[in-house]
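Take a walk through this fold with the coordinates open.

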Amino acid sequence: MLECVSMNPKKIEKWIVYYTNKERKKRKRKTLKSEKHLTKAARKYAKYMLKKNKLGHYVDGKTPWQRAMKYGYPTSYVGENCMLYYTKKGTPEKIVAKNMVKLWMKSPGHKGNILRSKYKHIGVGVALRWNGRNNRYVIYASQKFGRASRLDYFFKRHKILAKILG
């Protein structure tokens, strides 16, 4: 699998967060904060979908919240959007991200995740490869949404300490 470096997945991720929050602001919702554990889970899942060349919420046999918790997000209150997107060479990352968010907003379930007021956090992962035969990029994206509280992080930290201390 040859990955083309001329399109930057991390730039697409940042723009997806930006456009997701722009949609929330339009509708008087609080903006979501990027969260490192959700981002790691989203990136790993996008790469997994790309590797398997499959799109869906259960490609790896796990639920979205199981993946989020595996990478350290301390609560099971998690939502997920996934996408397979194609674009031609030279399309700016900003435009790719804007189009992806527009497509999610056209789907009631995905739109519901983007606008759910109970969510506080977001993590976005993008994985891509160049398909020379079809002359386009194949892009898999995963958005993870969650609502972990300070108390959730506190308990997670102390459970880890309890294991270390025996």
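Six aromatic pairs occur in this predicted model. One of them joins Y18 and Y19. Their ring centres lie 5.0 Å apart, and their planes stand at 80°. The cut-off for edge-to-face is over 60 degrees, so the Y18–Y19 pair is edge-to-face. W15 belongs here too: W15, Y18 and Y19 make up one aromatic cluster.

The cut-off for buried is under 20%.

Now step back to the whole chain. It has six helices and four strands. Read from the N terminus, the order is α-β-α-α-β-α-α-β-β-α. The chain has 166 residues, and 43% of them count as buried. Consider the contacts with a separation of 6 or more: 75% of them come from residues 24 or more positions apart.

Next, look at a pair of helices. Two packed helices are described by the angle between their axes and the distance between the axes. Helix α1 covers residues 9–26, and helix α4 covers residues 93–105. Their axes come within 8 Å of each other. They cross at roughly 45°. The crossing of α1 and α4 is right-handed.

Which residues of α1 meet α4? The α1 side supplies K11, I12, W15, I16, Y19, T20 and E23. The α4 side supplies E93, K94, V96, A97, K98, M100, V101, W104 and M105. By class, this contact has 10 nonpolar, one polar and five charged residues.

Helix α5 spans 108–115. Its buried residues are N113, I114 and L115. Those residues pack against helices α1 and α4. They also pack against strands β2 (78–87) and β4 (136–146).

Follow the chain out of α5. The loop between α5 and β3 (121–131) holds S117. S117 has a relative accessibility of 57%, so it counts as exposed. What does S117 touch, beyond its neighbours within four places in sequence? S117 is in contact with R24 and R29. S117 and K28 are 89 residues apart in sequence. In space, their C-alpha atoms are 9.4 Å apart.

K28 sits in the loop between α1 and β1 (33–34). Its phi is positive, about 60°, although K28 is not a glycine. Is K28 buried or exposed? The relative accessible area of K28 is 76%, so K28 is exposed.

Finish with N135, in the loop between β3 and β4. N135 is not a glycine, but its phi is positive, at about 55°. N135 has a relative accessible area of 51% and is therefore exposed. The cut-off for exposed is over 50%.

Technical notes
Residues numbered from 1 in each chain as written. Predicted model: local features only at pLDDT ≥ 70, side-chain atom pairs only at ≥ 80, totals over all residues. Heavy atoms only, no water. Axes fitted to C-alpha atoms, helices over the stretch in contact; angles between N-to-C directions. Helix = DSSP H or I, 4+ residues; strand = E, 2+ residues; numbered from the N terminus. Left-handed = near helix turned anticlockwise from the far one by under 90°. Contact = heavy atoms within 4.5 Å. Nonpolar A, V, L, I, M, F, W, Y, C, P; charged D, E, K, R; others polar. Phe/Tyr/Trp six-rings, centres within 6.5 Å; stacked < 30°, edge-to-face > 60°. Buried < 20%, exposed > 50% of the residue type's maximum accessible area, 1.4 Å probe, protein only.
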